[in-house]
Amino acid sequence: MKTVEELSRQIKGIYNVDGNVKTEISGISADSREIEAGYLFVCIAGVHVDGAKFAAQAVEKGAVAVLTAKHLDLPDRVVQLMVPDIHHALEDIVPYFYDYPGKKMRMIGVTGTNGKTTTSHIIAHILRAAGHHVGVLGTIHALIDDEELPIHNTTPDVVELQHFLYLMAERGITHVVMEVSSHALELNRVAGIEFDTAVFTNLTQDHLDFHKTFENYVAAKAKLFQGLTAGDTVKGNKTAVVNVDDPYAKDILAACRGNVLTYGVEQEADLRGSSLQVELKKSSFHVSGPFGSVDLQMHITGLFNVYNTLAAIGAAHAEGVDTATIDQAIQTFRSVPGRFELVEAGQDFAIVVDYSHTPDSLEKALTTARAMHPNRIISVFGCGGDRDRTKRPIMGRIGAAESDIPIVTSDNPRSEDPDAIVAEVAAGVKQGLREGQTYEVIVDRRRAITRAVEIAGAGDIIVIAGKGHETYQILKDKTIHFDDREVAREAVQQLKGR
Ligand SMILES: CC(=O)N[C@H]1[C@@H](OP(=O)(O)OP(=O)(O)OC[C@H]2O[C@@H](n3ccc(=O)[nH]c3=O)[C@H](O)[C@@H]2O)O[C@H](CO)[C@@H](O)[C@@H]1O[C@H](C)C(=O)N[C@@H](C)C(=O)N[C@H](CCC(=O)O)C(=O)O
Ligand SMILES: Nc1ncnc2c1ncn2[C@@H]1O[C@H](COP(=O)(O)OP(=O)(O)OP(=O)(O)O)[C@@H](O)[C@H]1O
Ligand SMILES: N[C@H](CCC[C@H](N)C(=O)O)C(=O)O
Ligand SMILES: [Mg+2]
């Protein structure tokens with residue numbers, strides 16, 4: 001518990017309080033639906049709606065104070081803390097409210113366009129194998145040891161994030177592995193966190209709707225590395241783990257001040273992967289590093305997963321895990337849901353469900369499938385609505401170039417017209433087609449997956465890209481249950497008599 005007075009003293013800019021400053025605050029939320037007795041309700045002017053509209057509802061649910069940009073019409077007993085910039089005020093208030101949990105645990109941050117979820121899950125697996133209590137925050141969920149909690153964003157806003165970290169610190173978590181999205185770095189959702197190990201996976205096109213230029217996108221990612229040694233650090237041993245095969249590694253390295261551990265396959269690196277063998281259900285490679293050399297066997301596949309594993313080894317090494325433990329842990333790591341996940345329903349062709357929703361990841365998923373020497377590759381993919389439009393034709397071209405039969409379909413259309421999104425992707429497909437190559441456009445995702453199964457024959461691979469672990473589809477007016485893996489399985493049962 002802290003008083004409004006204590007909280008407001010943290011605010012670096014100007015503020016005004018109307019009401020009793022000694023009022024005690026028991027929790028903070030920006031969502032009226034989650035308010036409990038004694039809470040501070042934060043009014044955020046969102047993309048869809050102005051949170052101030054829900055202040056009265058929050059008060060009814062027990063809020064005793066509001067953080068707001070303007071004075072609201074609320075009962076006198078409710079304290080109004082007024083600031084010109086809510087987001088900046090939150091950065092000052094929220095970590096303080098929770099006693100800076102991000103300074104109490106080892107914090108491992110993973111950033112990059114692709115591979116954040118996979119890499120952070122491998123790191124967490126190794127740290128657990130080393131006997132640590134591990135928390136995970138990312139696209140799929142939050143994990144406190146084994147307990148799974150739902151999460152709203154890859155990196156949630158400062159209010160939700162600090163609450164998760166508080167719960168983790170309370171429950172004895174010693175190491176937190178978290179994905180740090182470029183949105184989070186740009187919007188400073190990670191305020192008040194002291195990172196100890198920061199991982200850079202790669203940088204390719206995504207999110208240009210938000211960052212506007214690629215330079216801004218690079219600059220956002222670099223912030224994680226600048227922050228590693230900036231400001232008041234209370235924990236020692238800071239390391240940046242950087243993929244030097246990525247063309248933007250130099251920008252990241254330029255931002256690093258502390259220890260650097262590089263990894264790669266092509267370029268000279270501290271951790272170097274070689275002798276790569278990639279099969280449908282497993283892969284192996286040789287790694288040499290500061291600890292000597294080891295041959296690693298893993299149950300995940302694809303060149304991109306060799307990179308993710310190298311990144312994870314680097315992070316684990318930076319956190320002091322010994323080589324034997326790392327080696328053992330890599331062997332027992334099973335895949336992340338929806339990342340090159342195989343659907344096996346007794347069919348004589350392979351079905352892969354993969355979360356590739358960027359040009360680079362789609363290319364990686366399809367070239368990985370090609371490396372398995374299939375008869376044909378049938379791809380089923382689309383693009384999400386309310387997201388970077390410029391990637392649509394590029395993904396279309398890649399889908400055509402890297403598969404034999406591309407089927408364009410809907411992803412999460414969100415507020416957009418699905419037909420219009422699909423048309424933008426299909427325009428790219430047409431440009432990428434080879435002589436005599438055909439393609440299909442089936443907007444309904446279930447029908448598109450079913451069609452892929454219908455035309456697949458022995459030795460083919462179907463790659464269903466874009467939604468991976470997602471168990472829903474976000475439409476204009478509603479969100480429905482939708483799981484690519486379930487739909488593919490049902491299609492096999494229906495069409496192939498299994
Ligand atoms: C565009 C964007 O970033 N939107 C984020 C934003 O939502 P918003 O501004 O639309 O919020 P809103 O719906 O207008 O509501 C405004 C306020 O009213 C409140 N409210 C609303 C309804 C109600 O009944 N009561 C109530 O109090 C809301 O809690 C909110 O505080 O604030 C929300 C709370 O922090 C975020 O969850 C939400 O992320 C949405 C879901 C999103 O999809 N964001 C994407 C773009 C994103 O951030 N992605 C990155 C990168 C992903 C990656 O590459 O991995 C990520 O880190 O996830
Ligand atoms: N290192 C990598 N390089 C390129 N592509 C990758 C890499 N790792 C994974 N991928 C591809 O990207 C997809 C998403 O992987 P993952 O979920 O690990 O990335 P992410 O960065 O967490 O994505 P998001 O931005 O949605 O959180 C995978 O399904 C795979 O196709
Ligand atoms: N973290 C990504 C997820 C995209 C998933 C894809 N299925 C889509 O809806 O575009 C984003 O918010 O851009
Ligand atoms: Mg992710």
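Author: Let us begin with the annotations, whose positions are given in the numbering used here, whose names are shortened, and which may be inferred rather than shown by experiment. Please also keep in mind that this is a predicted model.

Reader: With that caution, which residues does UniProt list for "domain: Mur ligase N-terminal catalytic"?

Author: The UniProt record, an unreviewed entry, lists residues 24-81 under that name. In the model this span is 10% helix and 28% strand, and its end C-alpha atoms lie 13 Å apart.

Reader: How should I read the open sheet of 5 strands, and what is its order?

Author: The general idea is that two strands count as paired if at least two bridges are found between them. Here the order is β2-β7-β6-β5-β4, and the pairing is mixed. The strands β2 (16-18) and β4 (27-29) stand at the edges with a single partner strand each, so one side of each has no neighbour in the sheet. On average, and with direction ignored, neighbouring strands of this sheet are turned by 20° against each other.

Reader: How many bridges join strand β6 to strand β7?

Author: There are 4 bridges between β6 (residues 65-68) and β7 (residues 79-82), and the two strands run parallel. Within this pair, Leu67 stands opposite Leu81 of β7.

Reader: Which strands does helix α3 lie across?

Author: Helix α3, which comprises residues 86-97, lies across β4, β5 (39-42), β6 and β7, and runs at about 140° to β6.

Reader: In what order do the 11 strands of the other open sheet come?

Author: The order is β11-β10-β9-β12-β8-β13-β14-β15-β16-β17-β18, again with mixed pairing. Its edge strands are β11 (147-149) and β18 (292-298), each of which pairs on one side only. For neighbouring strands of this sheet the average turn is 15°, direction ignored.

Reader: Do strands β16 and β17 run parallel or antiparallel?

Author: They run antiparallel, with 5 bridges joining β16 (residues 271-278) to β17 (residues 283-289). One residue pair that shows this is Gln277, whose bridge partner in β17 is Ser284. Helix α4 (residues 116-129) packs on the sheet, where it touches β8 (106-111), β9 (134-137), β10 (142-144), β12 (175-179) and β13 (197-200), and its direction makes about 170° with that of β12.

Reader: Turning to the ligands, which residues come nearest to ligand 2?

Author: A residue is counted around a ligand if one of its heavy atoms lies within 4 Å of it. By that criterion ligand 2 has 20 residues around it, of which Lys116, Thr117, Thr118, Arg339 and Asp354 come nearest. The helices α4, α10 (303-318) and α12 (359-370) each supply at least two residues of this shell.

Reader: Where are the polar atoms of Thr118 and Asp354 relative to ligand 2?

Author: A polar side-chain atom of Thr118 is 2.6 Å from an oxygen atom of ligand 2, and one of Asp354 is 2.4 Å from an oxygen atom of the ligand. Thr113 contributes through its backbone, a polar atom of which is 3.2 Å from an oxygen atom of ligand 2. Taken alone, ligand 2 exposes 630 Å², and the protein buries 96% of that.

Reader: How many residues surround ligand 1?

Author: There are 21, and the closest are His48, Asn153, Asp157, Ser181 and His207. Oxygen atoms of ligand 1 also lie 3.4 Å from a polar side-chain atom of Arg33, 2.8 Å from a backbone N or O atom of Thr154, and 3.0 Å from an N or O atom in the side chain of Arg387. Ligand 1 taken alone exposes 1,100 Å², of which the protein buries 73%.

Reader: Which residues are around ligand 3?

Author: Among them are His207, Tyr355, His357, Arg387, Asp411, Asn412 and Glu470. A polar side-chain atom of Asp411 lies 2.7 Å from a nitrogen atom of ligand 3, while a polar side-chain atom of Asn412 lies 2.9 Å from an oxygen atom of ligand 3. In the side chain of Glu470, an N or O atom is 3.4 Å from a nitrogen atom of ligand 3. Of the 350 Å² that ligand 3 exposes when taken alone, the protein buries 87%.

Reader: Finally, which residues does the annotation "domain: Mur ligase C-terminal" cover?

Author: According to UniProt, in an unreviewed entry, it covers residues 338-468. Over residues 338-468 the chain is 38% helix and 18% strand, with the end C-alpha atoms 4 Å apart.

Definitions and conventions:
Residues are numbered from 1 along each chain as its sequence is written. Chains are lettered from A and ligands numbered from 1 in the order in which they are written. This is a predicted model: local features need pLDDT of at least 70, side-chain atom pairs count only at pLDDT 80 or more; totals for chains, interfaces and linings use all residues. Side-chain values use heavy atoms; hydrogens and water are left out. Axes are lines fitted to C-alpha atoms, for helices over the stretch in contact, and angles run from 0 to 180 degrees between N-to-C directions. Contact means heavy atoms within 4.5 Å. A polar contact is a pair of N or O atoms within 3.5 Å; within protein, one must be able to donate a hydrogen and the other to accept it, and residues adjacent in sequence count only if both atoms are side-chain atoms. Accessible areas come from the Shrake-Rupley method with a 1.4 Å probe; for residues, only the protein chains shown count as cover.
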